[in-house]
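Visitor: I would like to learn how to read a protein model feature by feature. Please take the general idea before the case.

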Amino acid sequence: MAAAAKLDRPPVRTAFLFFPNGVVPENWKPKGDGEDYEFTPMLKSLAPHKAEFNLIENLWHSETVGRNGHWAKVPAWLAGGYVERGSGADLDTGGTSIDQRIAREIGHASILPSLELGVDEPYSGIDNVGGGFPRILGSHIAWRDPHTPVPKEIIPRLAFDRLFRTGSAFPVVSGLNPRSEQVAQALQRDDASVIDIVLNDAKSLQRRVSSYDRTKLDEYLDSVRAVERRLEAGFVPPKRWINEKPFDLKRPAPGVPRSHKEHVRLMLDIMMLAFWTDTTRVGTFMFGNAQTGRSFDFINGVPNRGYHSLSHHREDKEQRDQYEKIGTWHVEQFAYLLGRMKNLDEGGSSLLDNSQILFGTSLKCGNRHDPHDLPLIVAGKAGGLMRPGRRVRALEDTPMNNLLVAMAQNAGTKIESVSDSTGRMTGLG
């Protein structure tokens, strides 16, 4: 893989943030048009960031029409293809997700080609009531190919450690593992440099192993040096670009936080840190799996009832109001992310200015499973390629894949089509 070119300006970072179970449509859509529109109560937390995003309307995935309400729509959100039924052993999403296609073209320029995060463990089994679809389809938006989901990390500490303490980098050489007890102890220190630790430990091994093992160790050291070359080739902001109060995130505690809000925000912070340090330029985050039954009883006025069951409110006002509060909470977490990214300076522009963040869901109405006019927001300026601050209304039933093509090209790829796309979405710049 060719080395990335030196950059004299921040690269474009791309994130796809998915929340499940749809919205109450009339509480999502505002009144007004263009730059002059009123925020609905559901979107009011975004009001301070109005100049930083576009509301995108009238997009859909035609391949999801008449399919299962949830399972087929989730992988199609970023892959855009026709999702087949199956036994689980023969998964077929009809396409590779756009994040992975972007990563294939630009991933060599960063330590991690892409980063996949979430909060729910993957589902198993077949939903025979819901049309015979494998439930794992609703557990992933990132697909390496039509048959292979990309595992997402749901434990904050392990996600954090992927950025700085990647355990898979340590090989076993004839029973001798460079991750010795001393290395393991050093890795627990917040100031430990993994590359320095590994190189020092490996050099001591070179003097004690056979010629065959020494050859294997040399191959390993070459891979470590490749990481160093990527670091050198990647974007490193000049000191004058860095805020006096740089982004600070301590290594999270083990396990999953008891607080769902803390869990979500930790994962968003980790993705932000991955972008800020240029550890990756492509990421996905799932606020929840399809049909998640998570309780949101920590929200005032939402009793201990499952999120998915509330989405089928059947126009019962009490249940519908609770469902809307959960959707509003997800918008608030997105607003939290935008606020944090706006405050990270990159030499006269912000991390958000140099990013494009898609936030949305795979169905319009949770009660009716409507696939038309998906609730979508794109934030950031993509390094000047996007013009935010507007309500952008595409022609009715424009392929969402047109938006994915535009975002892929903004990220620096040569991708020209995704499934039923008819070209790059217009009106964004």
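This is a predicted model: local features need pLDDT of at least 70, side-chain atom pairs count only at pLDDT 80 or more; totals for chains, interfaces and linings use all residues.

Visitor: How many helices and strands does the protein have, and what share of the residues is buried?

Guide: The secondary structure comprises 10 helices and 13 strands. Of the 429 residues, 57% are buried. The accessible surface is about 18500 Å², and carbon and sulfur atoms contribute 48% of that area. Among contacts with a separation of 6 or more, 72% are between residues 24 or more positions apart.

Visitor: How should I read a sheet, and in what order do the strands of this one lie?

Guide: In general, strands of a sheet pair through backbone hydrogen bonds, in either a parallel or an antiparallel way. Here seven strands make an open sheet with mixed pairing, and the order is S5-S10-S1-S11-S12-S4-S13. S5 and S13 are at the edges with a single partner strand each, so one side of each has no neighbour in the sheet. From one strand to the next, the twist averages 20°.

Visitor: Are the faces of S5 covered or open?

Guide: Both faces of S5 are covered. Leu115 and Leu117 on one side are buried, and so are Glu116 and Gly118 on the other.

Visitor: What are the pairings of S1 with S10 and S11?

Guide: Five bridges link S1 to S10 in the parallel sense, and six bridges join S1 to S11, also parallel. On the S10 side, leucine 17 is partnered with phenylalanine 285. On the S11 side, threonine 14 has glutamine 356 as its bridge partner.

Visitor: How many residues of S1 are buried?

Guide: Six of its six residues are buried. Arg13, Ala15 and Leu17 lie on one side of S1, with Thr14, Phe16 and Phe18 on the other.

Visitor: Which helices lie on these strands, and at what angles?

Guide: Helix H2 (residues 98–106) lies across S1, S5 and S10 and runs at about 160° to S10. H9 packs on the sheet and touches S1, S4, S11 and S12, its direction making about 175° with that of S11.

Visitor: How do I check the length of a helix, and why is H9 described as largely enclosed?

Guide: The check compares an expected span with the distance between the ends. At 1.5 Å a residue, the 26 residues of H9 (residues 317–342) should span 38 Å, and the end C-alpha atoms are 37 Å apart, which agrees. As a general point, an α-helix has 3.6 residues a turn, so residues three or four places apart point the same way.

Visitor: Where is arginine 387 found, and which residues is it in contact with?

Guide: Arginine 387 is in the loop between strands S12 and S13. At 40% relative accessibility, it counts as partly exposed. Beyond its neighbours within four places in sequence, arginine 387 contacts Glu35, Asn54, Leu428 and Gly429. Leucine 428 is 41 residues away in sequence, yet the C-alpha atoms are 6.0 Å apart. A polar atom of the arginine 387 side chain lies 3.4 Å from the backbone oxygen of glycine 429.

Terms used:
Residues are numbered from 1 along each chain as its sequence is written. Side-chain values use heavy atoms; hydrogens and water are left out. Helices (H or I, at least four residues) and strands (E, at least two) are DSSP runs, numbered from the N terminus. The expected span of a helix is 1.5 Å times one less than its number of residues. Buried means under 20% relative accessible area, exposed over 50%, partly exposed in between (1.4 Å probe, protein chains only). Contact means heavy atoms within 4.5 Å. A polar contact is a pair of N or O atoms within 3.5 Å; within protein, one must be able to donate a hydrogen and the other to accept it, and residues adjacent in sequence count only if both atoms are side-chain atoms. Accessible areas come from the Shrake-Rupley method with a 1.4 Å probe; for residues, only the protein chains shown count as cover. Two strands pair if DSSP finds at least two bridges between them. Axes are lines fitted to C-alpha atoms, for helices over the stretch in contact, and angles run from 0 to 180 degrees between N-to-C directions.
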